[in-house]
Amino acid sequence: MGPATQRVAGPAGPPPEPKGAIMALTQASGTRTEPRRPSRKGTLTALLFLAPFFVLFFAFTVFPVLYSCYLSLFKDKAAGLGLGAVQKVFVGGENYLRALTDPAYTSSFGNIAVYCLIYIPVMIVLSLSIALLLDSAAAKARGFFRLAFYLPNIVPGLIAAVIWLYLYTPEISPIVDAVKASGGTWDLSSTLAAYFSISNITVWMHTGYNVILFYAALQAVPKEVLEAATVDGAGPFRTAVAIKARMIAGAVSVATLFTVVGAMQLFAEPLLLKTKATAITSTWTPNMFIYDAAFDKHDFGYAAASALTFAVLIGVMSWAVTKLGSKADQ
Amino acid sequence: MRKIRKTHVVVAVAGALSAALLAGCSSGTAPAAQSTRSGPVEITFSSWLKGSKQVVEAFNASHPDIKVTFKEVASSKDNYPALTNQVKAGNAPDVVTVEYPHVSEMATQGVLQDISKPAGDFVKSKFDPAAQSLVTFGGATWGVPLDAGVLEFFYREDLFTKYGIEVPKTWAEYEAAAAKVATADPAVRLGSTVVGDSALMAALSWQNGAKWGGVDGDSWKIDVNSQASMDAMKVHQDLFDKKLVWADDDPVLQKKQAAGQMLSVISGAWYGAALRSSFPDQAGKWRVAPLPAPTSAPATAFYGGSTFGISKNSTKADAGVKFIEWMTTDPAAISARIGGTSSTFPINTEANAAAAKTFDKAFFGGQDIYANAAAGLKTVPSGWTWTPGTPTTFSKLADGGAQVKAGKATLSQILDQAQDATVADLKNRGISIK
């Protein structure tokens, strides 16, 4: 989620140098020295400097992906009691076909979709509202509040889940006590409760981060426009909603789309919370499904196939996000 | 000249890097280092069981010919994924710890090696018949049993007197007692539900004569939803439906137990020590009785318990088995493990006598809890077998338990679901099912 959303800051930053300036620079340097021929020495030096990146990139990105592709085409076949040696059988697309027709796998996408429908609107509207409030003329102690809102984001997802796990436990949690004292009932076992209990944690964690992004984008809104709005008789509320929010619409839409991509990878929170929110099964999200296939069922071929299918989906979505993002920029 | 030299350097660097990468990739096939003939044989051992470090220290001190290096595992949950990965990578410890429900899973995943030759006769002659089918199947021995989590009835004697209830001998009496307690005080219950605890569901089915798995020639038999299992679950479904037992999860249940709102716990023999460390202020108030039985004939089952095996890539099975034999049967090993703080119930009789002697009985008001477990061990139906599909059975029952708690399914329905999921999982792996 982190690295993906960081790129959202792009649209709000200064516009890129016009191409002409760069060309002028290259031309200027070109006039000073002889036109460069690719020298052997230079190539070697460049290779040496580039080597660490490529070595690490191949060892930790390309190779594992290729290895997963390889694994996904095979299946461990045992025979009889399964006590003898396992045979690695080439099965082609069988693992992929099985994943796509496995109700546990397909329903995990449904769960993520519902979760996104709850989590994302709440989180984006909340962060936008807070950012606008911080940016308003009446705001006091902006630095403090920016830090305060940001703090939950530095808590790792796993720890956040543990904290909330306790806050969700009856007879231990002050929140549950308060709900019960005011006459409400507390029941985390329903399907809806599962979605809301997870969304609550992620909203708590990620709102502050987006507040910072939106607040930064708001700083780039030209003063003249706001002054003009004031002169035209717009009050602070109208300015915030009709002018400021619209002017950072690009940042908001890109943040939203990146949040979707991040939200799809939900894993640690439901894994921990499933003991309390009992509607969460061990294959509730795509990542949980993959984890279960690989480490509970030891079916690495199947896990690789479902992981790659999931990765392709995320890849397609990220591509769409970038396309839409650049459109929103224009 | 200079240029050529630099090329050499680059080629050398690239070569070294790719060699390092290749080495990293192929370490899985590298043979384990051979032990030299002079000096002790060095073996490694991994476990999460309490007291393992002390056992290893005691062994090393008394056995100059074998040197064991201990590798701690965080929990049993981490143990099995770690072992399957380590065997794939070729760096699994020589001696590994595997609980009963996972022995056949680990054997079929290629984690355990067949130890019939070095340990087969030893297992047959030194351990109770009830434990045999748990470690020996398919004509081979895969592990050596350490302890038995004999399922027992732990109860608060003081509160039983207060509410005027007798220790139940059958599940019918248990239900009557549960009703009496709930009526006497709505804030108090006799015990907690089995819903959500897959291993306990298995143990209670076992107690009723069910066999969730078996071997028939070259095939496994899966029988999770047999009539015996269904019958065993009836009373527990009833207790849950009528809210005669608590249905809370751990931290809440612990709180209720601490407050004296829960009068009894059904658990394995190992629970005695856990009880003492969790509720030290309730010392002297707890007692142990045989598990309530389906009929007037006493019966119980295993709920927990571990074995030791030799990993597939170990080349030192003989030394490993020697260490295992000592760990599971030598009184010195058991004394080192227990150290006054564990209530592990060793299956081997000599080791058991040492454990009973070492365990401090004060918490149970001087009652000999080992005698109760020993009597229980004799009433465990023999022939229970855990199949390689057990993890699937358990996770399906755990997911289903949530459905039962939400009132959307019954225990008998989730037994059906678990049966289907287990069969499908094993078939997918190419394992033969009858």
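**Exercises on aromatic rings**

Over all chains, the structure, which is a predicted model, holds 50 aromatic pairs.

**Exercise 1.** Classify the pair formed by the rings of B:Tyr155 and B:Phe160.

*Solution.* A pair of aromatic rings is described by the distance of the centres and the angle of the planes. The centres of B:Tyr155 and B:Phe160 are 4.9 Å apart and the planes stand at 50°, so the pair is tilted. As to burial, B:Tyr155 has a relative accessible area of 11% and is buried; B:Phe160, with 3%, is buried.

**Exercise 2.** Classify the pair of B:Trp206 and B:Trp384, and state which parts of chain B the pair ties together.

*Solution.* The ring centres of B:Trp206 and B:Trp384 lie 4.8 Å apart. Planes under 30 degrees apart count as stacked; here the angle is 10°, so the pair is stacked. B:Trp206 belongs to helix α9 (residues 198-207), whereas B:Trp384 sits in the loop between α16 (369-377) and α17 (390-405), so the pair ties together parts that are 178 residues apart in sequence. Both B:Trp206 and B:Trp384 are buried. Furthermore, B:Trp206 and B:Trp384 belong to one aromatic cluster, whose members include B:Tyr100, B:Trp212 and B:Phe302.

**Exercise 3.** Determine which charged residues lie over the face of B:Trp246.

*Solution.* B:Arg189 lies over this face, at 5.0 Å from the ring centre of B:Trp246. B:Lys256 also lies over the face of B:Trp246, at 3.8 Å from the ring centre.

Conventions:
Residues are numbered from 1 along each chain as its sequence is written. Chains are lettered from A and ligands numbered from 1 in the order in which they are written. This is a predicted model: local features need pLDDT of at least 70, side-chain atom pairs count only at pLDDT 80 or more; totals for chains, interfaces and linings use all residues. Side-chain values use heavy atoms; hydrogens and water are left out. Rings of Phe, Tyr and Trp (its six-membered ring) pair if their centres lie within 6.5 Å; planes under 30 degrees apart count as stacked, over 60 as edge-to-face and the rest as tilted. Buried means under 20% relative accessible area, exposed over 50%, partly exposed in between (1.4 Å probe, protein chains only). Helices (H or I, at least four residues) and strands (E, at least two) are DSSP runs, numbered from the N terminus. A charge sits over a ring if NZ of Lys or CZ of Arg is within 6 Å of the ring centre and within 35 degrees of the ring normal.
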